[in-house]
Amino acid sequence: MSILVNKSSRVIVQGFTGKEGTFHAEQCIAYGTNVVGGVTPGKGDQTHLGRPVFNTVKEAVKATDADTSLILVPPAFAADAVIEAAAMGIKVIVCITEGIPTRDVIVAKKFVDKHNATLVGPNCPGIITADEAKVGIMPGFVFKKGTIGLISKSGTLTYEMANQVVLAGLGISTAIGIGGDPIIGSTIIDLLKLFEKDIETEAIVIIGEIGGDMEIQAAEYIKENITKPVVAFIAGSTAPKGKRMGHAGAIIAGSKGTAQEKKNALAKAGVTVVDSPADIGVKVREVLNK
Amino acid sequence: MNIHEYQAKQIFAKYDVLIPKGKMIEKAEDAKDAAREIGGNIWVVKAQIHAGGRGKGGGVKLARSIDEVEKNASEILGMTLITHQTGPAGKLVKKVYIEAGVDIKEELYLGMVLDRAKELPVMMASTEGGVEIEKVATEMPEKIIKVEIDPLTGFQGYHARELAFGLNLSKEQIKEFGKFAKALYKVYTLNDASLVEINPLVLTADDKFIALDAKMGFDDNALFRHPDISEMRDLDEEDPAEIEANNYGLSYVKLDGNVGCMVNGAGLAMSTMDIIKLEGGEPANFLDVGGKASASTVAKGFEIILKDPNVKAILVNIFGGIVRCDRIANGILEATETTKVEVPIVVRLDGTNAKEAIEIIGNSNLTNIISATDLGDAARKVVKAAKGA
């Protein structure tokens with residue numbers, strides 16, 4: 001068990017033969033992910049990294065029974081790729097691409113929802129189920145098998161936190177980087193639901209950041225629905241108001257979206273909130289030992 | 001990206017959103033001609049900076065004669081305007097907008113913004129125009145009427161009616177308002193705006209709706225398909241160090257502390273600032289060298305950080321994934337050869353090829369480099385170094 005992806009996920013890569021697509025598809029295959037093929041319009045009938053290339057997702061699904069897609073196409077074409085995947089019946093769509101216009105993401109997300117598929121991202125590191133499947137761009141070696149589910153708005157901070165969990169003698173069931181854009185596919189709540197049901201996951205780590213109110217909504221949800229222990233860190237306590245901190249969504253607007261506001265809401269919901277990003281690993285172990 | 005009022009109004013005009021006649025000038029001697037061209041007998045001279053609260057700060061002045069227009073323009077041009085949004089240093093005014101005076105019956109508010117929680121754009125209207133909308137939102141939230149607009153179906157008649165009835169408009173006014181609001185929706189959507197705000201929206205004596213002020217922000221991710229808007233960027237309104245960083249694919253925000261930071265990834269960069277503060281230091285900046293950090297981006301990062309004279313120590317915090325730490329280590333050595341780095345540098349490298357990287361640093365003969373093992377250790381060491389201990 002795990003969530004969203006596992007050994008039997010049949011993965012295609014959209015943007016397969018491009019520079020990014022090639023590099024990361026290779027890494028995913030090396031990790032053991034069941035990559036069954038890829039899509040690059042105009043390069044159908046070729047073979048790339050030992051896998052078939054298709055012109056369209058439709059052909060790819062027909063030939064390979066793919067159920068999961070990793071999207072690594074340029075921003076101007078990425079929403080189109082997401083919509084194509086959902087239209088062709090792909091159930092888990094992971095969009096790595098950074099810089100997609102918000103208007104396009106809004107429409108693509110609505111379409112994905114209508115087709116009962118799951119979108120992760122855009123602008124995210126993807127999903128990894130330790131020792132089973134990596135559908136993303138994270139360094140696989142950091143994520144040792146274990147029982148901690150990880151949900152994060154960030155990239156490298158996810159690796160840092162996963163590493164701390166491992167150094168604390170624990171490991172990861174599934175880790176998902178949800179992305180730091182203003183509009184994203186799967187939200188923290190969507191993934192909390194899945195982790196709560198997953199028998200392999202014993203505790204959940206949430207890594208949030210300033211901007212928006214997703215963590216506050218998650219806090220309300222946790223209070224009513226989550227029985228597993230949750231540990232959280234919110235990045236950006238020192239961020240000034242009105243300044244975008246790298247991620248398009250990481251901006252404090254007026255008095256809303258501050259780290260303190262989120263920490264308070266989570267703590268009130270019974271979540272173990274850590275102030276220092278260096279304390280995640282230790283705290284997770286403490287919570288599990290209780 | 002944000003633009004000036006006069007630029008937003010240029011966009012409004014293209015979509016038939018009614019605006020007063022106006023002209024932007026950069027030299028006071030052009031003021032009289034501009035006023036004559038606009039016509040009428042009353043004008044408003046407005047400072048053009050990317051910050052609200054211009055009126056209170058003395059950046060908006062009424063003129064009742066052509067001579068007064070020139071006098072006002074010469075006073076405002078070159079002044080340093082301080083408002084609640086500029087910070088204590090204020091903003092130098094380089095452009096003014098001269099506009100025809102409007103016969104105001106009522107001042108309303110109309111705006112459009114992305115509602116992140118609902119994942120849709122919303123249009124907002126209020127009878128409380130001319131005051132800070134954030135204040136209305138906290139003190140009298142019932143005075144703000146909101147409608148969500150699904151981009152698949154666009155702006156519908158009922159959206160306009162809901163807003164108009166909420167504003168207590170008369171039957172004749174509702175029709176005019178509907179046209180105005182629909183045009184504003186086009187301005188927002190077709191230009192990939194992240195914000196459009198008209199405060200105040202004026203109802204004139206002859207029942208016309210006119211945008212007296214105009215504020216627009218745009219989705220940076222969509223600028224590639226709006227070259228006309230990209231050209232409106234005013235570099236005078238941005239921090240030069242941030243612009244330079246951007247040109248090299250780095251994301252930099254200057255802060256007030258003395259501990260410089262160079263980190264890969266926005267989340268880790270924010271966390272690094274947070275932990276410096278927790279250890280008793282103050283971060284001097286946010287700097288994300290990105291997921292593809294190389295020796296040259298590291299070198300550029302040092303250069304940008306060191307332009308800030310407050311910096312007393314630097315923390316390099318890299319968690320290597322795709323980025324290889326040994327390359328970063330070499331980048332640090334290269335950078336210290338080309339840029340003279342006199343302050344202590346605490347280096348924490350973890351992840352891919354961290355071992356090799358630590359050896360590279362260890363074997364160098366640089367005396368101002370301090371190695372750290374993990375995030376906590378790194379923060380403690382850099383705060384200590386910045387304090388000169």
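This is a predicted model: local features need pLDDT of at least 70, side-chain atom pairs count only at pLDDT 80 or more; totals for chains, interfaces and linings use all residues.

Me: What makes K186(B) partly exposed?

Reply: Partly exposed is the class between the buried cut-off, under 20% relative accessible area, and the exposed one, over 50%. K186(B) comes out at 42% relative accessibility, so it counts as partly exposed. You'll find K186(B) in helix α6 of chain B, residues 171-190.

Me: Which residues does K186(B) touch, leaving out those up to four places away in sequence?

Reply: Y15(B) and N191(B). On a related note, K186(B) and D16(B) sit 170 residues apart in sequence, yet their C-alpha atoms are 9.9 Å apart in space.

Me: How do you know that the buried residues of α6(A) line one face of the helix?

Reply: Start with who they are: I188(A), I189(A), L191(A), L192(A), F195(A) and E196(A) are buried in helix α6 of chain A, which covers residues 188-197. Looking down the axis of α6(A), these buried residues fall within an arc of 160 degrees, so they line one face. They pack against strands β10 (145-152), β11 (172-177) and β12 (203-209), along with helix α7 (214-225), of chain A.

Me: What puts the buried residues of α5(B) on the same side?

Reply: The buried ones in this helix, residues 157-166 of chain B, are H159(B), A160(B), L163(B) and A164(B). Their arc around the axis is only 120 degrees, which puts them on the same side of α5(B). Their cover includes β8 (120-126), β9 (144-148) and α6 of chain B. After α5(B) comes N168(B), with a positive phi near 60 degrees.

Me: Why are β3 and β7 of chain A said to stand at the edges?

Reply: Seven strands of chain A make an open sheet with mixed pairing, ordered β3-β4-β2-β1-β5-β6-β7. Both β3 (47-48) and β7 (118-120) have a single partner strand, so one side of each lacks a neighbour in the sheet.

Me: How do you know that β6(A) and β7(A) pair?

Reply: Two strands pair if there are at least two bridges between them. Strand β6 (residues 92-95) and β7 of chain A have three bridges, in the parallel sense. By that cut-off, they therefore count as paired. Within this pair, I93(A) is opposite L119(A).

Me: What about β8(A) and β9(A), how many bridges join them?

Reply: Four bridges, with β8 (residues 126-129) and β9 (residues 133-136) running antiparallel. The two form a hairpin with three residues between them, and D131(A) in the turn has a positive phi of about 65 degrees. Across the pair, I128(A) stands opposite K134(A) in β9(A).

Me: And chain B as a whole, how many helices and strands does it have?

Reply: Chain B has 13 helices and 18 strands. Its C-alpha trace spans about 80 × 50 × 40 Å along the principal axes. Out of 389 residues in chain B, 54% count as buried.

Terms used:
Residues are numbered from 1 along each chain as its sequence is written. Chains are lettered from A and ligands numbered from 1 in the order in which they are written. Side-chain values use heavy atoms; hydrogens and water are left out. Buried means under 20% relative accessible area, exposed over 50%, partly exposed in between (1.4 Å probe, protein chains only). Contact means heavy atoms within 4.5 Å. The arc is that of the directions from the helix axis to the C-beta atoms.
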